[in-house]
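Subject: Structure handover

Hi,

Here is the structure you asked about. My notes follow below it.

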Amino acid sequence: MITVHAITVTQKTVDSPLRSCGMMPKGLPRIPFLLYSVTKAIGKIILELNGKLTGMALHVPTPDVSVMDLTCLLEKAAKYNDIKKVVKQVLDGLFKGILVYAENQIISCDFNNDTHSSTFDAGAGNTLNDHFVKLISWYNNELAIATTW
């Protein structure tokens, strides 16, 4: 899983000393790479995924909105259109009003005032074959978290 994440409060916007490697440039025109510990937390919540997820985050110089890229190796073959149908059913049912399904072309600024936890981007995902799929979801990392609790 890769998250391309907007700037966060803990991301330094100027060069600063780090304990591990001396002076580390962090300014806004840079894209720092971070290990993504959320994948470990997901494995503790959804036990079937424990040890099966890994990830990283890239913090990009944008004030808000992030996108997640989840790449999956499937045990059973599945067509991308069938995966989209199942995701749409779940998002229109159990998660209605919390998670959203989108077919239209969308970009990060479309989510500047979005209060949903995440929006599955059906048009951005794809497959290499029937066992290897990439799923994309957008979220407003400031507003969505504050309004879903």
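Start at the loop between α2 (80–92) and β7 (99–102), where Ile-98 lies. Keep in mind that this is a predicted model. Ile-98 is partly exposed, because its relative accessible area is 40% and partly exposed covers the range between under 20% (buried) and over 50% (exposed). Ile-98 belongs to a nonpolar surface patch with Val-86, Val-90, Leu-94 and Phe-95. Together the five have about 440 Å² of accessible area.

Next, the aromatics. Searching the whole structure gives two aromatic pairs. One of them is Phe-111 with Trp-138, and this pair is stacked. The centres are 5.7 Å apart, with 10 degrees between the planes. Phe-111 sits in the loop between β7 and β8 (118–121), and Trp-138 in strand β10 (residues 132–139), so the pair ties together parts that are 27 residues apart in sequence. Both residues, Phe-111 and Trp-138, are buried.

The loop between β7 and β8 also holds Asp-114. Asp-114 is buried but has no salt bridge. Which side chain of opposite charge is nearest to Asp-114? That is Lys-96, 13 Å away. Asp-114 does have a polar contact: its side chain joins that of His-116 at 3.0 Å.

Now the charged pairs. The structure holds four salt bridges. Three of them are set out here:

- Lys-134 and Asp-69 meet through their side chains at 3.0 Å, N to O. This pair links distant parts of the chain, with Lys-134 in strand β10 and Asp-69 in strand β6 (residues 66–73), 65 residues apart. Lys-134 is partly exposed, at 26% relative accessible area. Asp-69 counts as buried, because its relative accessibility is 16%.
- Lys-79 and Asp-130 form a salt bridge, also with 3.0 Å from N to O. It too links distant parts of the chain: Lys-79 is in the loop between β6 and α2, Asp-130 in the loop between β9 (126–129) and β10, 51 residues apart. Lys-79 is partly exposed at 48% relative accessible area, and Asp-130 is partly exposed at 26%.
- Lys-88 and Asp-92 pair at 2.9 Å, N to O. Both lie in helix α2, four residues apart, which is about one turn of the helix. Lys-88 counts as partly exposed, with 36% relative accessibility. Asp-92 counts as partly exposed too, at 38%.

Best wishes

Terms used
Residues are numbered from 1 along each chain as its sequence is written. This is a predicted model: local features need pLDDT of at least 70, side-chain atom pairs count only at pLDDT 80 or more; totals for chains, interfaces and linings use all residues. Side-chain values use heavy atoms; hydrogens and water are left out. Patches are made of residues with over 30% relative accessible area and no salt bridge: like charges are joined within 9 Å, nonpolar side chains (Val, Leu, Ile, Met, Phe, Trp, Tyr) within 5 Å. Accessible areas come from the Shrake-Rupley method with a 1.4 Å probe; for residues, only the protein chains shown count as cover. Helices (H or I, at least four residues) and strands (E, at least two) are DSSP runs, numbered from the N terminus. Buried means under 20% relative accessible area, exposed over 50%, partly exposed in between (1.4 Å probe, protein chains only). Rings of Phe, Tyr and Trp (its six-membered ring) pair if their centres lie within 6.5 Å; planes under 30 degrees apart count as stacked, over 60 as edge-to-face and the rest as tilted. Lys and Arg count as positive and Asp and Glu as negative; His and the chain ends are not counted. A polar contact is a pair of N or O atoms within 3.5 Å; within protein, one must be able to donate a hydrogen and the other to accept it, and residues adjacent in sequence count only if both atoms are side-chain atoms.
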